[in-house]
Amino acid sequence: MERQTIQALPPEHRHWIGMRIIKTVIAVFLCGLLAFFREASGFYSMIAAVVCIQNSAGKTIESSINRMAGTLIGGVAGVLVVYSLDMLGVLYMELLRYAVLSVMLIPIIKLCLAIKKPGCAAMACIVFLCVTINHSIGDTPAVYSIDRLFETLVGVALACGIDILLPYQPMPQPIPPEPPQPEGESAAPGQDEQPGEESAAQRDGQPQDAPSGEAEEEK
């Protein structure tokens with residue numbers, strides 16, 4: 001549908017860059033700029049900015065809430081699972097760990113549905129897998145989860161701020177073409193005769209509506 005709309009636009013509007021694209025570019029740059037001054041990685045904050053910015057302020061706020069809720073649920077679940085597997089001595093048994101992590105996605109998704117936040121289920125699963133799979137010997141899962149949550153919060157905050165400050169501009173709508181006139185159609189009877197024009201019978205001196213018998217008697 002969007003592709004058809006773009007193709008229907010005039011040539012000067014086919015490469016239209018909407019405000020959603022502009023806001024995404026600005027938010028991602030600000031995330032990178034902030035990470036540069038913090039001497040940290042802006043990867044997760046940039047991803048959060050890209051995902052959160054939608055085509056309206058209301059959808060952006062809703063997406064931001066879902067992302068923060070998903071990050072919190074996935075981070076807490078990941079920390080608990082990592083410490084539990086470490087206590088059981090199976091944290092670095094790769095095949096067993098993958099099986100446990102796969103099964104743990106079920107309660108995470110069910111929790112998101114139970115709190116009426118189905119939109120944050122995917123984000124919760126992603127963060128959970130980031131915490132548990134990226135964990136290596138010597139890492140502290142709690143610290144990693146806090147850093148992940150902070151980076152997401154930075155991206156969400158910048159996305160919401162840019163979305164609220166910059167107004168949206170609607171895409172120019174194409175002008176509908178006029179329907180072509182069918183060829184070969186003749187005008188309705190009587191429309192070709194202009195008012196004041198005399199018919200051929202009137203020019204010959206014969207009334208137009210006179211009966212044929214009266215015309216013969218006059219002759």
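View 1. Cys52 is buried, with a relative accessible area of 0%; here buried means under 20% relative accessible area, exposed means over 50%, and partly exposed is in between, using a 1.4 Å probe and protein chains only. All these views come from a predicted model, in which local features need pLDDT of at least 70, side-chain atom pairs count only at pLDDT 80 or more, and totals for chains, interfaces and linings use all residues. Residues are numbered from 1 along each chain as its sequence is written, and side-chain values use heavy atoms, with hydrogens and water left out. Take a disulfide to be a pair of cysteine sulfur atoms within 2.5 Å, and the count comes to zero. Cys52 is in no disulfide, since the nearest cysteine sulfur, that of Cys160, is 6.3 Å away.

**View 2. The whole chain, for orientation.** The protein chain has nine helices and zero strands. Helices (H or I, at least four residues) and strands (E, at least two) are DSSP runs, numbered from the N terminus. Along the sequence, the pattern reads α-α-α-α-α-α-α-α-α. Of the 219 residues of the chain, 29% count as buried. A contact here means heavy atoms within 4.5 Å. Among contacts with a separation of 6 or more, residues 24 or more positions apart account for 71%.

**View 3. Cys120 next to Cys112.** Cys112 touches Ile73, Lys117, Pro118, Cys120, Ala121 and Ala124, leaving out residues up to four places away in sequence.

**View 4. The largest nonpolar core.** A nonpolar core is a set of buried Ala, Val, Leu, Ile, Met, Phe, Trp, Tyr and Cys residues joined through side-chain atoms within 4.5 Å. The largest one has 16 residues, and of these Ile73, Ile108, Cys112 and Phe128 touch the most other members. Which elements give two or more residues to this core? They are α4 (57-88), α5 (94-114) and α6 (121-133). The largest share, six residues, comes from α4. Another core lies apart from it, with 10 residues that include Cys52, Ile53, Cys160 and Ile162. As background, nonpolar side chains tend to be buried together in soluble globular proteins.

**View 5. Helix α5 and what sits over it.** Arg97, Leu101, Ile108 and Cys112 are the residues to look for here: they are buried in α5. The cover over the buried residues of α5 includes α4 and α6. The expected span of a helix is 1.5 Å times one less than its number of residues. For the 21 residues of α5 that should give 30 Å, and the end C-alpha atoms are 31 Å apart, which agrees.

View 6. Most residues other than glycine have a negative phi. Lys116 follows α5 and sits in the loop between α5 and α6. Its relative accessible area is 70%, so Lys116 is exposed. Glu39 is in the loop between α2 and α3 (43-52), and its phi is positive too, near 55°. At 75% relative accessibility, Glu39 counts as exposed.

**View 7. Thr24 in helix α2.** Thr24 lies in α2, which covers residues 19-38. Is Thr24 buried or exposed? With a relative accessible area of 17%, Thr24 is buried. Its side chain reaches the backbone oxygen of Arg20 at 2.7 Å. Beyond its neighbours within four places in sequence, Thr24 is in contact with Val50 and Ile53.

**View 8. Aromatic pairs.** Rings of Phe, Tyr and Trp (its six-membered ring) pair if their centres lie within 6.5 Å; planes under 30 degrees apart count as stacked, over 60 as edge-to-face and the rest as tilted. How many aromatic pairs does that rule give? The count comes to two. Phe36 and Phe37 pair edge-to-face, at 5.5 Å centre to centre with 70° between the planes, and both are exposed. Phe43 and Tyr44 also form an edge-to-face pair, at 5.1 Å centre to centre with 75° between the planes. Phe43 is partly exposed, with a relative accessible area of 47%.

Technical notes:
Polar contact = N/O pair within 3.5 Å; in protein donor to acceptor, adjacent residues only side chain to side chain.
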